[in-house]
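Keep the structure in view as you read.

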Amino acid sequence: MTETLAKDTYMTTAIAGALRAAMAADESVVVLGEDVELSTIGCTKGLVEEFGADRVRNSPISEATVVGACVGAAASGLRPVMDLMFSSFFYVAMDQVANQAARLRYMSGGQVDLPLVYFAGTGPSGSAAAQHSENPHPILMHLAGIKVVFPSSPGDAAGLLIASVEDPNPVVFLLDLMLAGAKGPVPTDLEPLPLGKAEVKRSGEDVTVVAIASAAGTALEVAAELEEDGVSVEVIDPRTLSPFDWDAVTDSVARTGRLVVVDPARRTCGAAAEIIARVAERNWADLKSRPRRVTWEDVPIPFSPVLEEAVTVRKDSVRDAVLAGVEEKGAG
Amino acid sequence: MTAADNLELFARMARIRAFERKVQALFKAGTLPGFVHLYIGEEAVGVGACSVLTEADKITSTHRGHGHLLAKGADPKLMMAELLGRETGYCKGKGGSMHIVDYSLGILGANGIVGGGLPIATGSGMADRILGRDQVTVCFFGDGASNQGVLHEALNLSAIWSLPVIFLCENNHYTEWMRTEEITAGEIADRAEAFGIPGVQVDGNDVLAVRDAAAEAVERARAGGGPSLIEAETYRHHGHNEGEEVFSGPYRPQEEIDEWIARDPLARFRDECVKEGIATPAEFEQIQEREGDLIEAAYRYAEASPMPAPASALADLYAEAE
């Protein structure tokens with residue numbers, strides 16, 4: 001990879017750069033989806049000019065068929081990257097995601113590789129309401145057969161996207177729309193970052209905070225504030241939810257004895273539920289306090305800014321959860 | 001068409017018939033796991049269409065897929081082993097009747113979801129078009145799938161991108177246990193017109209008629225002329241799935257069943273060939289016997305094959321990165 005990006009790069013620019021690098025490196029990589037030529041969010045901007053209309057294709061609003069066509073194309077020698085625009089639209093195509101993409105390799109006894117990427121903006125982005133604010137990662141994690149990447153920084157996004165395109169399996173790559181305007185350093189020479197590898201974003205001694213996507217930034221802010229109060233917070237960003245780096249979390253909890261999971265998804269059967277369950281299984285004796293989770297409420301995302309804030313992840317909730325874990329006596 | 005070509009068409013239909021009869025017997029005997037959908041009565045569609053394909057050409061199939069797979073050259077031994085859930089089966093026992101694939105033969109998969117193959121075939125055509133290959137993909141689907149939204153999406157996408165895909169609807173007139181005409185507006189073949197692509201109806205019990213219609217569509221697709229829709233009218237002699245009578249009761253008029261059995265695609269083609277002096281009735285019997293033996297051997301192979309190791313259930317989910 002020879003793509004060069006500035007030190008202070010927008011998330012969307014990093015993703016576009018990674019796509020450009022992936023397309024330049026492998027002629028079988030094609031990009032398709034709604035408005036990929038114009039690129040409303042900017043992640044596919046400029047690709048059609050550089051790689052031509054054969055490899056960068058606007059598709060009709062036919063999520064089910066385009067998602068399924070990626071399966072057929074991947075089984076036939078292409079490496080499609082499909083932009084679904086909003087992750088809520090996975091539900092339109094759920095048969096092709098769950099029954100086809102996630103199943104065909106396994107059902108065939110491993111006869112076929114399906115190297116494809118479903119890319120989507122995801123999560124609340126400010127009064128987009130219930131059908132444009134979804135975070136479907138818990139459902140996708142549950143499917144088995146789909147990898148799920150959900151990065152928190154431009155540098156991670158670029159490296160993980162290159163790895164996603166190179167991966168021989170179906171990968172859902174989610175761009176947290178809260179981070180679309182975020183900036184950060186991106187390596188000048190893009191290299192793939194391994195899928196299934198978490199990163200410790202901040203080391204600490206007292207409590208482990210596992211924070212997914214934009215929640216990682218929130219957790220880092222809380223950690224910086226609490227340091228002044230003498231609380232040492234370790235922040236782990238899983239980066240990839242399937243496969244999940246369980247060792248990174250359980251090793252950390254083995255040292256800190258405390259866990260808070262910040263998951264931008266509904267509480268019931270969310271990623272936080274699974275992470276806490278695994279830690280309970282592996283780290284029971286290490287725990288000094290009850291694991292806690294900060295999640296959305298179990299409702300669709302409402303429209304009004306006041307209501308949206310009321311049900312999603314807030315910084316004060318993260319802070320409260322960390323402090324409650326640290327101050328709790330007598331557990332474990 | 002030489003005499004040998006004609007006999008080859010018959011032999012392949014006879015292979016499918018023998019396979020399905022064996023499967024039927026195994027189901028009745030209670031030795032087959034799961035449930036099966038038999039292709040008996042529809043053999044001319046799969047055989048006619050696949051007879052004009054090369055090995056590199058591809059198909060997607062359906063829940064009623066045994067016939068398509070055998071028509072495309074699938075190995076009856078590996079199919080039978082899969083149906084019996086054995087380690088030696090096509091999918092190592094992970095797929096079963098509705099999920100057999102053989103990518104080396106261009107069989108992109110039977111599919112348990114009605115209409116599930118429509119988008120996949122479209123993507124297969126997209127890959128061939130972008131990679132500049134002259135392969136085509138035949139997408140088998142049923143009258144039931146004709147009412148899935150993905151048919152309309154797939155026809156549109158294939159038409160705008162001029163993809164080399166032949167959408168072949170096997171209209172056997174029953175959507176599970178419902179009469180298709182009662183739940184379907186208009187003629188299925190006419191839907192092609194809305195997308196500006198050729199659409200034809202053909203007698204699906206006439207193997208040569210199917211072959212001719214498929215040949216025309218395949219030639220057009222290979223030459224870059226884009227997709228086609230073929231509706232082959234046919235009938236399943238048996239139920240939606242074997243064993244249905246315990247819950248379905250009779251739901252098709254006996255006269256209707258008798259009428260279609262009288263138009264059996266094998267008997268009809270055999271009689272035409274005999275009339276034209278292509279072969280004698282005795283020669284056809286020999287072919288049926290030979291194919292029957294092949295299926296018996298496939299069954300013996302399957303039955304003698306080991307069950308998969310339970311731990312293998314955890315394998316094959318993800319491909320390892322190179």
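## The sheet in chain B

Five strands of chain B form an open sheet in the order E1-E2-E3-E7-E6, with parallel pairing. Strands are DSSP runs (E, at least two residues), as helices are (H or I, at least four residues), and both are numbered from the N terminus. Two strands pair if DSSP finds at least two bridges between them. Strands of a sheet pair through backbone hydrogen bonds, either parallel or antiparallel. Strand E1 (58–60) and strand E6 (199–203) of chain B are the edge strands, and each pairs on one side only. From one strand to the next, the twist averages 20°.

Look at one pair. Strand E2 (residues 137–142) and strand E3 (residues 165–171) of chain B run parallel and are joined by six bridges. Leu168(B) in E3(B) is the bridge partner of Phe140(B). Helix H5 (residues 117–130) of chain B packs on this sheet. H5(B) touches E1, E2 and E3 of chain B, and its direction makes about 170° with that of E2(B). Contact means C-beta atoms, placed from the backbone, within 7 Å. Angles run from 0 to 180 degrees between N-to-C directions, and axes are lines fitted to C-alpha atoms, for helices over the stretch in contact.

## How the model is read

This is a predicted model: local features need pLDDT of at least 70, side-chain atom pairs count only at pLDDT 80 or more, and totals for chains, interfaces and linings use all residues. Residues are numbered from 1 along each chain as its sequence is written, while chains are lettered from A and ligands numbered from 1 in the order in which they are written.

## Where the chains meet

The contact takes 35 residues from chain B and 36 residues from chain A. On the chain B side, H5 and helix H6 (149–160) each supply at least two residues. H5(B) gives the most to that side, with 10 residues.

## The sheet in chain A

Chain A has an open sheet of five strands in the order E9-E11-E10-E13-E14, and its pairing is mixed. Strand E9 (199–202) and strand E14 (292–296) of chain A each have a single partner strand, so one side of each has no neighbour in the sheet. Neighbouring strands are turned by 25° against each other on average, direction ignored.

Strand E10 (residues 207–211) and strand E11 (residues 233–237) of chain A pair in the parallel sense over four bridges. Val207(A) stands opposite Val233(A) in E11(A). Helix H9 (residues 246–256) of chain A packs on the sheet, touching E10, E11 and strand E13 (259–266) of chain A.

How values were computed
Two residues are in contact if their C-beta atoms, placed from the backbone, lie within 7 Å.
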